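Dear colleague,

Please find the structure you are taking over below. My notes on it follow directly after.

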Amino acid sequence: MKQKRSGLKMLHQLKVTLRLRIILPVLSVLVIFYLLFYFNFATPNAAIAGTETMGSGSYIINMGVTPQTYNNGLKPYGMIYDLMVNYKVPVKWVIEPTKAKDGTDFTYSGLNYKGGCFIIPVEYINSTVNTRITYWVGQGISGLYTTSAISVPVYATLTNFPRIIIDTISNKESIITNYFDNALIPSTAYQVGSPSFLTYCHDMWINPHGDPTWATHGYLYDLVTVAKSYAWLQCHAVSVTEGVENVSSPYQKLTFLSTTGLKCYSSGKCGAGITETHAGNSTSPYTHYYPTDPVMQFMGTMDGACDGGSEKWYQPQSTGAWRSTTKRLVTTATGTSPNEGVLMAYGPAFGDTSNGYVMYEAGHNIDGNGTTAEKVAAQRAFFNFVLLAGYKKQLQITGVTMPSSAFSNESKSVSVTVSGGSPGYNYSWTSSIGGTFSSPTSASTTFTAPTVGSTTSGTITCTVSDACSRANFISRPFTAYSTLPISLKSFTGKYRDNRVELTWVTATEVNNDYFTLERSFDGINYTEIGKVSGSRNSKTDIYYGFNDNYPGEKKNYYRLKQTDFDGITKTFDAIYVKVTGLKNNKTSLIPNPFTDQIRIDYFSESQSTVILTIMDKSGNVVRTETLIASEGLNKFQFNNLDDLKPGLYFAIIGREDEKEIIKLIKL
């Protein structure tokens, strides 16, 4: 496949001048600081989980089955790829953020689920998706449909697979393509080619083997620092890459995860700056760290799968160390932090968390060494890193406006906001239950629900792609209802006798529970002022009424909402009622006369501070209170007034600029 070579090569040239400001003395100071501050492992960036409830009928892909096989451990990744890419189904990645290695992520129906399971929410399972689940079960994946709701710690919602290129310079790309074959992920999920083919549009580069040089692999510098993309390396390509530098600009090195490079797998094979070598075989025991990290979501150990090829483990030169941000996921018995030997490590390139991430995994072919379970574990770590790259590099879809329901032929506004990737963006709106979009290729459009004979549920999906053909989607559950719960003939309001009389008429009612009346003084912010019961079912005109005894001065907006017995609500257009000549009816005191307690009903058009003062007939203040009134009717209760002498009193209540005086009689 012929590809243009402009991409990162051009970016590389454009950024040289900018990077000259990053001088060696500054790097040296940073290295010393990190070495002094971090004696042991870098503090892990713990997975941040948010608890989500998965409804009854969701499908759990069990990733903790033992013994692990290619069927139950690797093919789930093919299933996830299939559902995300081909059917626009979001998949929940569930990781308990406090668990130990091989610990429980959640428990359902008496079974402990482990290994970073995946869940397909019930809202996105239709007959087509059911058919695909059945297909994957036939391939050997293990899972079940839930029969009750369950709350689980979700690490991420997966919707995107990264754009991958596999290095072909060493002619060993079949090593990696075997991993994809094992997972039943099709060859259309990746490209193959040399690093010179890399462009800003690639999310991940994979090197299974080889002897990189600056001439052949210098493109990786811009891949991780400019494009912010990910890289995965295996076997002796790791120590060789860490020794690569640009002789024309010596500050440009490919020391992604260490400060001065790694010990070479063989003397003289890793560049002039690498003067140390390490033994061919690693030493046990092997320790697995960071059990809650997404890359570490595999069962058991993976060390046996690394025991083959020219480089079976990695260790920094004694003049340097692992960068403080590098997670040493699986360590050997050789060396101590921050110079310990590792089988697997990853972190942000050059210790800068704004860069793309790089991962090293030892062994010539993790598909060809160790027991089956160890092979599965090692390849799962690889695919977990692939999923992580896809999650971190996906287009960001925010500002989502999607309704959850509508009635037959009802129109609703839908919209999304997109960022990241390479603008401009292309949009495609679809609905799994039909209906139409007024502009299906725009960021904002209007969706008109289909005509349905009964309640019909499905999803509304917006798929977005950028100039690089990266694609992501947002999908939300949607329900279309067959008939309106009521047919509203009229809704009117009239100001009379110091109140607003609201009336409305329905021609038909189906399953109608109640009406809610709302009022606003600005036409924007509405407050509930009352409820009126509905008539459940009717085919004749029914008249309703409600009085607002506390209207505001001049402007009053009223809105009618209807709720059926299924909890579905329909809001109708607001009406405006003008109030003139309003008599002061903001305050009433109950009871009057009083004995030992009194209630003050006070109406306010907005939240405000209200002062209550009670004076006797001689003008002496006997009680004062500062009150906070909310918008609408407030009820303030005052007790323990039996200490007041019987007689005449005056209550003064209101804001500083508006007060009322009411006579009180104490019995």
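This is a predicted model: local features need pLDDT of at least 70, side-chain atom pairs count only at pLDDT 80 or more; totals for chains, interfaces and linings use all residues.

Residues are numbered from 1 along each chain as its sequence is written, and side-chain values use heavy atoms, with hydrogens and water left out.

Strand β37 (residues 647-655) pairs with β38 in the antiparallel sense over nine bridges; two strands count as paired if DSSP finds at least two bridges between them. Both strands lie in an open sheet of four, in the order β35-β34-β37-β38, with antiparallel pairing. β35 (621-629) and β38 (658-666) stand at the edges with a single partner strand each, so one side of each is left without a neighbour in the sheet.

The largest nonpolar core comprises 105 residues, and those with the most contacts inside it are F106, F118, F180, W232, F256 and Y360. Such a core is a set of buried Ala, Val, Leu, Ile, Met, Phe, Trp, Tyr and Cys residues joined through side-chain atoms within 4.5 Å; buried means under 20% relative accessible area, exposed over 50%, and partly exposed in between, with a 1.4 Å probe and protein chains only. Helix α9 supplies the largest share of this core, 11 residues. A second, separate core of 21 residues includes V414, V452, I460 and A480.

In helix α5 (residues 173-182), the buried residues are I175, I176, T177, Y179, F180 and N182. Their cover includes α3 (70-87), β9 (164-167), β10 (190-193), β11 (204-207), β12 (230-234) and α9. Just after α5, L184 takes a positive phi of about 60 degrees.

Finally, N369 is found in the loop between β16 (357-361) and α9 (372-393). N369 counts as buried because its relative accessible area is 17%. Its side chain reaches the backbone oxygen of N365 at 2.9 Å. Leaving aside residues up to four places away in sequence, N369 touches G304, A305, D307, G308 and K375, where contact means heavy atoms within 4.5 Å.

With kind regards

Key. Helices (H or I, at least four residues) and strands (E, at least two) are DSSP runs, numbered from the N terminus. A polar contact is a pair of N or O atoms within 3.5 Å; within protein, one must be able to donate a hydrogen and the other to accept it, and residues adjacent in sequence count only if both atoms are side-chain atoms.
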